[in-house]
Amino acid sequence: MKTKKFQLKNGLNVILAENHRAPVVSVQMWVRTGSADEKKGEEGISHFIEHLVFKGSRKFGVGEIAARIEGAGGELNAYTSFDQTVFYVTLSKHFIDEGLVAINEMMGFPTFDETEINNEREVVIEEIKRGQDSLGRRASQLLFSTAFQKHAYGIPVIGYEKNIRSLSRKKIVQFYKDRYTPKNMFLVVAGDFDFEETKQKINKIYSEIPSTKLRKVTRKKEPKQNKGRIQVEHADFEQSVGYLSWKAPNIKHKDVPGLDVLSLILGQGDSSRLVHALRIDSAVVNSIGANAFTPKDEGLFTISFGYNKENLGEALEKITEEILRIQEEPAHLEEIKKAVLNIESEEFYSLETVDGLSRKMGSLEFYFQDLNYQNKYLQQLRSVTAADLQKLAKKYIQQKSMSLAFVTNDEVKKVHAQVKAWSDDLAKKMKALKVKTTKPKKVQHKKLTKLLSTKENPKTEKVVLPNGVTVLMRPIRDTQVISVKAAFLGGIRSEQNFPEGTVELLGRTWMSGTKQKTERDIYKEIESIASGISPIAGRNSVGLGVDCLKPFEQEARNLYLDILAHPTFPVEAIERERLVQIEQIQARNDNPAQCCIRLFMKNIFENHPYSRDMLGTLESVKQVTHKEIEKYWKQTAQKKNLTVMLCGNINQDVWLKEIQEATKHYEPGERFSIQTDLKPLMSDQRHYEYNKKEQSHAVFGFRGVRITDDERYALHLIQSILAGQGGRLFIELRDKNSLAYSVSPLRMEGVDTGYFGAYIGCSPEKVNKALAMMKEEFEKLCTEKVGEKELLRSKQYLIGRHDIDMQKTSSIGSSILYDDIYGIDYNEPFTCDQKYMAVTADEIMRLSKKILKGHSVTAVVGPQNPWE
């Protein structure tokens, strides 16, 4: 990889990272301004501007920038954080000019049209309402407002509704001029391009951006915290969330590498202390984790957990034990080694994509102005000792710097008193600790090396082993990553003779033990080799995947095949995961969008296995026993029903031999091939479900096509015509009518049938208009032939998105595997562009009439029935 940095005459810094691994390019503009740089009365303006620069420039009208990028097969988006705002385009290398011009127009020449500003106000307000319906977002905002009472990190990035309604065009333009100046921005281009040629293009295009005077910002400093803080907020969610946090240093501080290691040991990964003690050994919480948030200014070291209100006391007690243990006793060397390896390995996984490479370069430049700082960080990381971690735990985890935030459906006073008592008790116990020390030992870390890029033309091979197991292989030698997936046909389609939720519970307990290893052994081994093994429980299949790095191929293979071939589904694990599954069923109303899609699927697929809820019902999950799971497993895990996909830098000969050996005890069996008939819909249906939230959620749809139907290519294009920021639904319902923040087409293709429709989340009073406009857009597809230009945009959008998705080894493997097991040519991922390009406007209209003129199902979930 070739990386260079240079500066244009207007002060814009440019970073080019040339990498030819995939024919894709990422263009990102980083602006050194975020919500923490806003003055009083401006809160939310940075995020608002992030929206507005998409709404037209000197060369392009509303929606044209997105349409051009998507028409070139690219994706365009942006995000705002406390510290920065980032705009990015990812697209084929053949359209790099489109990406460069789009970012230049957005960053240098937005029009800020008054009408568009007013339209977008409503969109942002819908986004704010959506946040109020999110338990996680509510809890996060409460945490930051508690921990930062003077500093701007205490203010939501999205701002406040009253500000968004009152911000004038004049104020928006002035803020833009003050902060969006070349001296306060930098451009990152990463991927498959020619360095000199691209440098010349950037000089020509970006030198146009005028250099304006930068308004310097002095952020308010957070006073030193000398007393613990507690905030408890009541909210109508089924579950509760708690945050325990302590002040942490900014990202440049020498303690950051140690805090990163500490957070992994405490609460990242299934073998981490908190996860094992509170989620696996006993399901006291639904989720728990630890994180070191180290931004530009002072940050937070945080433990967060989701729980049911009756379990709060026990959860806090167990957290106390782990805090005291990390302060009292030195961490094990193996824990440190595992943490460091997992942090280092993430570079190999994340840098498989040009977006990951751009983000890495952008972060290094933004925070350190040093593209080689990662090497310094890794050296510091490798030097962390057990004694260092003990000192850091004592230094930062103190009551006086603690901020506790809880969002719960319990009584506020009761929770406040309980948390206060816990905090005081923890402080006493920490003060009384007798710290144990040991002689410092240097940790011997395994060094990961990067592979040199090699020119090759990977090919996919399919073999059937002597025992009947099918294996697909695609060796890729220019990556360290290996991705293996195994799939058995069946899934929820073969669950009909079992209680609803059986497949889900099987997936949750698959890794809970083998004949040779306990659950603790499994999770410890996985994370000690920086790998990931995950079960897949779906509607058409069940399976198991592993992602690892080449240096750990043997260890990962041995562990993976043991779990694949010899799961024991321990009774205690089934009971534990059953409780968690039941709690998730009870908490469904916390996610109204999912409730709406579930309501839609229940009725569009009435009496078919696809209508089943993956989680099951409260009654059915209680009926799932060890015997039921074993029975399902034995009827599914059969040699002829198993296909394994090997992708990446694999030793295929060893894999083939070991797969044959590992599966020798399976029954020969047959491939699951039962198809379930689906009765036709006899009329249009409307279904409503009450949910006390700010927004309503609606799905309007029809029966679709099967996964093997040739018509699927035309249906994908119909979705593409409607999708994206340049698609019809976004332009009509969001851009022009400001009905919602989120609107999109929906599509599912299954082995037996599928569906096609659209989703929107909006204010309750807007639902009827939104549904009417969805119907109007669907009707246009049936009565008006798609124009050549729009059809070409849709084709290139689909093809380009596919190429972007196929950068990762795991994505390549998944595409090949699932195409093959569902009866599609396994070379389809590499030839589908030809199929899309061959679809005509007549075929699209014909399929639109066939599907969209049929009987429909409308599902609405929210606080108000739109039909009353």
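The buried residues of helix H7 are covered by elements that include strand S3 (24–31), H1, helix H3 (96–108) and helix H4 (114–132). Helix H7 (residues 169–179) has as its buried residues Ile172, Val173, Phe175, Tyr176, Asp178 and Arg179. Buried denotes under 20% relative accessible area, exposed over 50% and partly exposed in between, with a 1.4 Å probe and protein chains only.

This is a predicted model, in which local features need pLDDT of at least 70 and side-chain atom pairs count only at pLDDT 80 or more, while totals for chains, interfaces and linings use all residues. Residues are numbered from 1 along each chain as its sequence is written, and side-chain values use heavy atoms, with hydrogens and water left out.

Helices (H or I, at least four residues) and strands (E, at least two) are DSSP runs, numbered from the N terminus. An open sheet is formed by 6 strands in the order S1-S2-S6-S3-S5-S4, with mixed pairing. Strand S1 (2–7) and strand S4 (75–80) stand at the edges with a single partner strand each, so one side of each lacks a neighbour in the sheet. On average, and with direction ignored, neighbouring strands of this sheet are turned by 15° against each other. Helix H1 (residues 45–52) packs on the sheet, where H1 touches S4 and strand S5 (85–92); the direction of H1 makes about 170° with that of S4. Contact means heavy atoms within 4.5 Å. Within the sheet, strand S2 (residues 13–18) and strand S6 (residues 185–191) pair in the parallel sense over 6 bridges; pairing requires at least two DSSP bridges between two strands. Valine 14 stands opposite leucine 187 in S6.

Helix H11 (residues 312–328) packs with helix H15 (residues 386–396) at an angle of about 130°, their axes being 7 Å apart. H11 and H15 are therefore oblique to each other, a class that takes the angles left after under 35 degrees (roughly parallel), over 145 (roughly antiparallel) and 65 to 115 (roughly perpendicular). Ile326, Gln327 and Glu328 of H11 make the contact with Gln390, Ala393 and Lys394 of H15.

Glutamate 749 is found in strand S20 (residues 740–749) and is buried, with a relative accessible area of 13%. The table gives two polar contacts (N or O atoms within 3.5 Å; within protein, one able to donate a hydrogen and the other to accept it, and residues adjacent in sequence counting only if both atoms are side-chain atoms).

| Side chain | Partner side chain | Polar contact |
|---|---|---|
| Glutamate 749 | Histidine 716 | 3.1 Å |
| Glutamate 749 | Arginine 747 | 2.6 Å |

Methods:
Axes are lines fitted to C-alpha atoms, for helices over the stretch in contact, and angles run from 0 to 180 degrees between N-to-C directions.
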